[in-house]
Amino acid sequence: MASDIITIPARRGKAARVPRGRSVKVINTHGQQVVDTWAFNAEDLREFMSMEHSRVNFMKLRPALGDSFFSNARRPILTLVEDTSGGAHDTLMAACDNARYGLLGCAEYHDNCTDNLAAGLAELGLEPPETPSPLNLFMNIPWTPAGELAWGEPVSKPGDYVVLRAELDLIVAFSACPQDILPINGRAGPPTEAHFRIE
Ligand SMILES: [Zn+2]
C-alpha cells in the first residue's frame, strides 16, 4: 500500500524509511526543482549509495531504466524503474554546502543540501556518517566531448517523477536544493517544494 504523499519543503530536507522491495516515487511537483537524493543501509548508515561505485556498475554518466545504483560496499541499493522526466539527472556534482555559497559570493549563511541531509536524518533520530555525493535528480549538467560541464536548467515538467526500488532496507533522504544563484532550478523563480511517496 502506498504511503501518503510526503512534502520536501522548499529549501529543506526530508528523510524516510523504505523497506527492501518497496519503491519511492519522487515527484518534481513544480517541474524545475533539483532534488538531491541519498540512500543509506538502515542497518548500518556507513553503507550508502555511492555515485562512484554506481558509475562503475552502469558505465554511464546518468542511469537508464533498470540500472541499479550501488553502495560503497558494491551492492545494489536503489534501482531506477520509472522516469517520466526526460532522464536528465546528475551523478557528478557534490551536494551544496555553506562553503560553496561562500565561493558564490554569499556573505551570510545560505540554506544548503548538506545541512538539509543532516536535518532530515535528525528527524528520524539519526546522523549521517558523512555527506555522500548525492544522486541529483532532475539536475541537468550537460557535458561536451571535450569533457566540459555546464549548469543547465531542468528539462522536467510539473508532475514528472522517478521511481526508485529499494534493494535493501533503507533510510532515504532528499533535499529540495536551495540553489538560487546558478540556474539549476530553472530561471523562472525561487526554489520550490517537491514530494515523494513510498509505494
Ligand atoms: Zn543543493
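Which strands do the buried residues of α3 pack against? They pack against β2 (13–18), β4 (35–41) and β10 (170–176), with contact meaning heavy atoms within 4.5 Å. Keep in mind that this is a predicted model, where local features need pLDDT of at least 70, side-chain atom pairs count only at pLDDT 80 or more, and totals for chains, interfaces and linings use all residues. Numbering runs from 1 along each chain as its sequence is written, and side-chain values use heavy atoms, with hydrogens and water left out.

**Helix α3**

- Helix α3 covers residues 113–122, and its buried residues are C113, T114, N116, L117, G120 and L121; buried means under 20% relative accessible area, with a 1.4 Å probe and protein chains only.
- Look down the axis of α3 and those buried residues fall within an arc of 160°, so they line one face of the helix. The arc is taken from the directions from the helix axis to the C-beta atoms.
- Helices here are DSSP runs (H or I, at least four residues), as are strands (E, at least two), numbered from the N terminus.

**Zinc site**

- Three cysteines supply the protein donors of the zinc ion: C96 (SG), C113 (SG) and C177 (SG), lying 2.2 to 2.3 Å from it. Donors are N, O and S atoms within 2.8 Å of the metal (3.2 Å for Na, K and Ca), and water is not among the atoms, so sites may look incomplete.
- The donor spacing in sequence reads C-x16-C-x63-C.
- C96 sits in the loop between β7 (76–83) and α2 (98–103), while C113 belongs to helix α3, 17 residues apart, so the pair links distant parts of the chain.
- C96 is buried at a relative accessible area of 7%, and C113 is buried too, at 0%.

**Around H110**

- H110 is found in the loop between α2 and α3 and counts as buried, with 7% relative accessibility.
- Setting aside neighbours within four places in sequence, H110 touches R11, N98, Y101, P178 and D180.

**The open sheet**

- Six strands make an open sheet in the order β1-β11-β3-β9-β7-β6, with antiparallel pairing; two strands pair if DSSP finds at least two bridges between them.
- Its edge strands are β1 (6–8) and β6 (68–70), each pairing on one side only.
- Within the sheet, β3 (residues 23–28) and β9 (residues 160–166) run antiparallel over 6 bridges, and N28 has D160 in β9 as its bridge partner.

Technical notes. Buried < 20%, exposed > 50% of the residue type's maximum accessible area, 1.4 Å probe, protein only.
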